[in-house]
Amino acid sequence: MNCAIFASGGGSNFQELINRKESGDLHVNIALLVGNNSSAFAFERARKHSIKSLHCAPSHFQDEKTYALKLLSVLRENKVELIALAGYMKRIPHEVLAAFPNRIVNIHPALLPAFGGTGLYGEKVHQAVLDYGAKVTGVTIHFVDEEYDHGPIIFQDTIKVLDTDDAHTLARRVLALEHASYWKALEGIASGAISTKGRRVYGLV
Ligand code: GRF
């Protein structure tokens with residue numbers, strides 16, 4: 001299965017997918033990296049592993065429709081069947097969502113539906129968890145729909161919030177969970193082990 005990764009930042013999740021692909025655990029072809037931020041370190045990772053990349057931001061286009069058509073044409077050119085968002089900070093246009101039903105996944109560093117949505121990204125998510133006083137947090141992998149952090153949940157895993165945690169330590173421990181799990185969700189989709197019925201997603205626990 002040809003897969004595109006969308007990333008806006010450092011791309012440690014992208015790197016982990018590359019590692020799992022190279023170690024033979026993950027059976028997808030990472031065909032393309034798409035990023036909106038030209039200085040993102042994710043581009044460097046793509047270069048290092050000879051993965052094709054596209055720098056494409058909504059601001060490069062006169063409107064969202066033109067941006068969507070550009071994304072769609074590149075995705076089609078590269079025969080992409082699955083899109084994995086890995087720290088991607090831009091909204092996926094409606095036309096792309098419609099062309100990839102249950103074929104766009106996202107990873108979020110908290111337990112949705114709590115601590116998600118607009119403005120909750122990076123360490124802000126972990127600070128919100130701490131400020132609320134939650135005793136567990138974790139990772140959520142979900143299909144992407146029209147609303148931020150809202151689509152059907154594929155997988156979640158938890159860690160305890162420790163009395164000694166700050167946003168930084170929590171981010172580090174959740175990121176380790178992310179790295180351990182994202183490739184499994186992609187592998188489950190690529191192998192056909194994951195199935196969906198309405199909001200329920202089966203096949204990965
Ligand atoms: C991760 O915490 C992911 O859950 C969120 O953005 C962050 C990306 O980190 N969506 P990285 O760029 O993969 O290191």
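Biologist: Which elements do the buried residues of α1 pack against?

Modeller: In this predicted model, they pack against β1 (2-6), β2 (29-35), α2, β5 (104-108) and α6 (167-191), where contact means heavy atoms within 4.5 Å, and where helices (H or I, at least four residues) and strands (E, at least two) are DSSP runs, numbered from the N terminus. Residues are numbered from 1 along each chain, and local features need pLDDT of at least 70, side-chain atom pairs pLDDT 80 or more, whereas totals for chains, interfaces and linings use all residues. Side-chain values use heavy atoms, without hydrogens or water.

Biologist: Which residues of α1 are called buried?

Modeller: N13, F14, Q15, E16, L17 and I18 are buried, which means under 20% relative accessible area with a 1.4 Å probe and protein chains only.

Biologist: What makes α1 roughly parallel to α2?

Modeller: The axes of α1 (residues 12-23) and α2 (residues 41-48), lines fitted to C-alpha atoms over the stretch in contact, come within 9 Å and cross at roughly 20°. Because angles under 35 degrees count as roughly parallel, α1 is roughly parallel to α2.

Biologist: Which residues meet where α1 contacts α2?

Modeller: From α1, S12, F14, Q15 and I18 meet A42, R45 and A46 of α2, and the residues of this contact divide into 4 nonpolar, 2 polar and 1 charged.

Biologist: How do you know that the span of α1 is close to the expected one?

Modeller: The expected span is 1.5 Å times one less than the number of residues, and α1, with 12 residues, reaches 16 Å from its first C-alpha to its last, close to the 16 Å expected. Just after α1, G24 takes a positive phi of about 90°.

Conventions. Axes are lines fitted to C-alpha atoms, for helices over the stretch in contact, and angles run from 0 to 180 degrees between N-to-C directions. Angles under 35 degrees count as roughly parallel, over 145 as roughly antiparallel, 65 to 115 as roughly perpendicular and the rest as oblique. Ala, Val, Leu, Ile, Met, Phe, Trp, Tyr, Cys and Pro count as nonpolar, Asp, Glu, Lys and Arg as charged, and the others, Gly among them, as polar. Buried means under 20% relative accessible area, exposed over 50%, partly exposed in between (1.4 Å probe, protein chains only).
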